[in-house]
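Please examine the structure shown here before reading the notes on its strands.

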Amino acid sequence: MTRFWKEKPLHRLSRDEWESLCDGCGKCCLHKLEDEETGEIYPTNVACRLLDRRAGCCRDYPNRRRFVPDCVRLTPTKLDQLDWLPASCAYRLVRDGEPLPDWHHLVSGSRETVHEAGQSVRGWTVSEDDAGELEYHITDRPL
């Protein structure tokens, strides 16, 4: 298997290569709250309504912005501007020259290992359609 993420800079990846870097954790699709005074980000356990919380992926990825207009399209350029991406995010790791974890599907060969390693949203999140006030869903779980 080619390890394209080691061989090319992020801005040179094909669209398919870029998309395949996503580890399917779903953490970037969780709502976050920002303290207006300090700028501190507080993660919640509340997921976007389009997130398949079992699989860790969007239910309608090609059309997501039609239903969730503020959904962020992650690009190599935007990567440096987003401080709320999970520490385990493959895009961040590759940008920083760090290896992908053993549970990443490009290393393990399985989309299930992210869940088996406890690195995904599976089992501890709630849909925004059911959550109510976000302030009641702040989590101390590291993202």
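**Strand pairing in a predicted model**

L33 has Y42, a residue of β2, as its bridge partner. The model is predicted, so local features need pLDDT of at least 70 and side-chain atom pairs count only at pLDDT 80 or more, while totals for chains, interfaces and linings use all residues. Residues are numbered from 1 along each chain as its sequence is written, and side-chain values use heavy atoms, with hydrogens and water left out.

**The sheet**
- An open sheet with mixed pairing is formed by three strands in the order β1-β2-β5.
- Its edge strands, β1 (30-34) and β5 (126-127), each pair on one side only.
- Strands (E, at least two residues) are DSSP runs, numbered from the N terminus, and two of them pair if DSSP finds at least two bridges between them.

**β1 and β2**
- Four bridges join β1 and β2 in the antiparallel sense.
- The hairpin of β1 and β2 has six residues between the strands, and G39 takes a positive phi near 80° there.

**β2 and β5**
- β2 (residues 41-47) runs parallel to β5, and two bridges join them.
- A47 stands opposite S127 in β5.
- Five of the seven residues of β2 are buried, meaning under 20% relative accessible area with a 1.4 Å probe, protein chains only.

Note on methods
Buried < 20%, exposed > 50% of the residue type's maximum accessible area, 1.4 Å probe, protein only.
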